[in-house]
Amino acid sequence: TVAIPNASIAGTGSNGGAGSNRLFNMADNSSLVGITASITSTLSASIARIDGKQNVTIGDSTLKVMSGSTASGIQISGSSNVNIENNNISVVSNGANSQFTTFQGTNSNIAINDNTVSMTSATSNYYLFFAGGAQVSNFSGTGNTSNDTSCHDGTAGPITGSVTTNGITCP
């Protein structure tokens, strides 16, 4: 973990050869804490991707995604022991939908707590987006607020647990 108080980063990101553009590819045992980050892209974009990782925290940060296509705040795929907490996140899509958190693959021990989320899109907003076949075990979260609480379940696999936002439970 690297601590850089009041750090700020902005850019167009990179897709690392696959998927949407993003600023951060999280590693095992990593934390993104206390940062202000913004990505602007004409393509699909997200702030961070957590792909096949364990013990990841994203917290106490201000994050913004602006995309000409699909915009996702955080992408989680095949990961475990992930905490998303105390963030202020803005997700704006000018071409497709906006998603606060997107899930793919098999995931476990995911906690989403005390985040403030604002989403705007040309088509649809999804607070939580479960792609086809996504699975989450031991899923939890409370204290979240958002201007949209839509939950998209694209024929996801089993999901045990839920996240509460504005008093509404998903899934």
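User: Which residues touch the most other members of the largest nonpolar core?

Analyst: This is a predicted model. Its largest nonpolar core has 36 residues. Ile50, Ile58, Phe100, Phe103, Ile112, Leu128 and Phe139 touch the most other members. Strand β5, residues 45–51, gives the most to this core, with 4 residues. As background, nonpolar side chains tend to be buried together in soluble globular proteins.

User: How do you know what phenylalanine 103 touches?

Analyst: Contact calls for heavy atoms within 4.5 Å. Residues up to four places away in sequence are not counted. Phenylalanine 103 then touches Ile76, Ile110, Ile112, Leu128, Phe129, Phe130, Ala131, Ala134, Val136 and Phe139. Ring pairs also link Phe103, Phe130 and Phe139 into a cluster.

User: How many aromatic pairs are there, and why is the pair of phenylalanine 100 and tyrosine 127 called tilted?

Analyst: The structure holds 5 aromatic pairs. In the pair of phenylalanine 100 and tyrosine 127, the ring centres are 4.9 Å apart. The cut-off for a pair is 6.5 Å, so these rings qualify. Their planes stand at 40 degrees. Stacked needs under 30 degrees, and edge-to-face needs over 60.

User: Where in the chain do phenylalanine 100 and tyrosine 127 sit, and are they buried or exposed?

Analyst: Phenylalanine 100 is in strand β11, residues 98–104. Tyrosine 127 is in strand β14, residues 125–130. They are 27 residues apart, and the pair links distant parts of the chain. Buried means under 20% relative accessible area. Phenylalanine 100 has 0%, so it is buried. Tyrosine 127 has 1%, so it also counts as buried.

User: What makes cysteine 151 and cysteine 170 a disulfide?

Analyst: Their sulfur atoms are 1.8 Å apart. The limit is 2.5 Å, so the two cysteines form a disulfide. In general, such a link is a covalent bond between the sulfur atoms of two cysteines. The structure holds 1 disulfide. With 65 degrees about the S-S bond, the link of cysteine 151 and cysteine 170 is right-handed. The pair joins distant parts of the chain, 19 residues apart. Cysteine 151 is in strand β16 (residues 151–153), and cysteine 170 is in strand β18 (residues 168–170).

User: Why is cysteine 151 called partly exposed, and why is cysteine 170 called buried?

Analyst: Cysteine 151 has a relative accessible area of 30%. Buried needs under 20% and exposed needs over 50%, so cysteine 151 is partly exposed. Cysteine 170 has 5%, which is under 20%, so cysteine 170 is buried.

User: How do you know that aspartate 51 forms a salt bridge with arginine 49?

Analyst: Their closest N and O atoms are 3.2 Å apart. The cut-off is 4 Å, so this is a salt bridge. A search of the whole structure finds 1 salt bridge. Aspartate 51 has 36% relative accessible area, between 20% and 50%, so it is partly exposed. Arginine 49 has 16%, under 20%, so it counts as buried.

User: What does the side chain of asparagine 115 reach, and why is this residue called buried?

Analyst: Asparagine 115 is found in the loop between β12 (106–113) and β13 (116–120). Its relative accessible area is 0%, under the 20% limit, so asparagine 115 is buried. Its side chain reaches the backbone nitrogen of asparagine 86 at 3.5 Å. It also reaches the backbone oxygen of asparagine 113 at 3.2 Å. Leaving aside neighbours within four places in sequence, asparagine 115 is in contact with residues including Ile84, Phe100 and Gly143.

User: Why is serine 67 called buried, and which backbone oxygen lies 3.2 Å from its side chain?

Analyst: Serine 67 lies in strand β7, residues 62–67. At 1% relative accessible area it is under 20%, so serine 67 is buried. The backbone oxygen of threonine 70 lies 3.2 Å from a polar atom of its side chain. That is within the 3.5 Å limit for a polar contact.

User: How do you know that serine 46 is buried?

Analyst: Serine 46 has a relative accessible area of 0%, which is under 20%, so it is buried. Its place is in strand β5.

Technical notes. Residues numbered from 1 in each chain as written. Predicted model: local features only at pLDDT ≥ 70, side-chain atom pairs only at ≥ 80, totals over all residues. Heavy atoms only, no water. Helix = DSSP H or I, 4+ residues; strand = E, 2+ residues; numbered from the N terminus. Buried < 20%, exposed > 50% of the residue type's maximum accessible area, 1.4 Å probe, protein only. Salt bridge = Lys/Arg side-chain N within 4 Å of Asp/Glu carboxyl O. Phe/Tyr/Trp six-rings, centres within 6.5 Å; stacked < 30°, edge-to-face > 60°. Core = buried A, V, L, I, M, F, W, Y, C linked by side-chain atoms within 4.5 Å. Polar contact = N/O pair within 3.5 Å; in protein donor to acceptor, adjacent residues only side chain to side chain.
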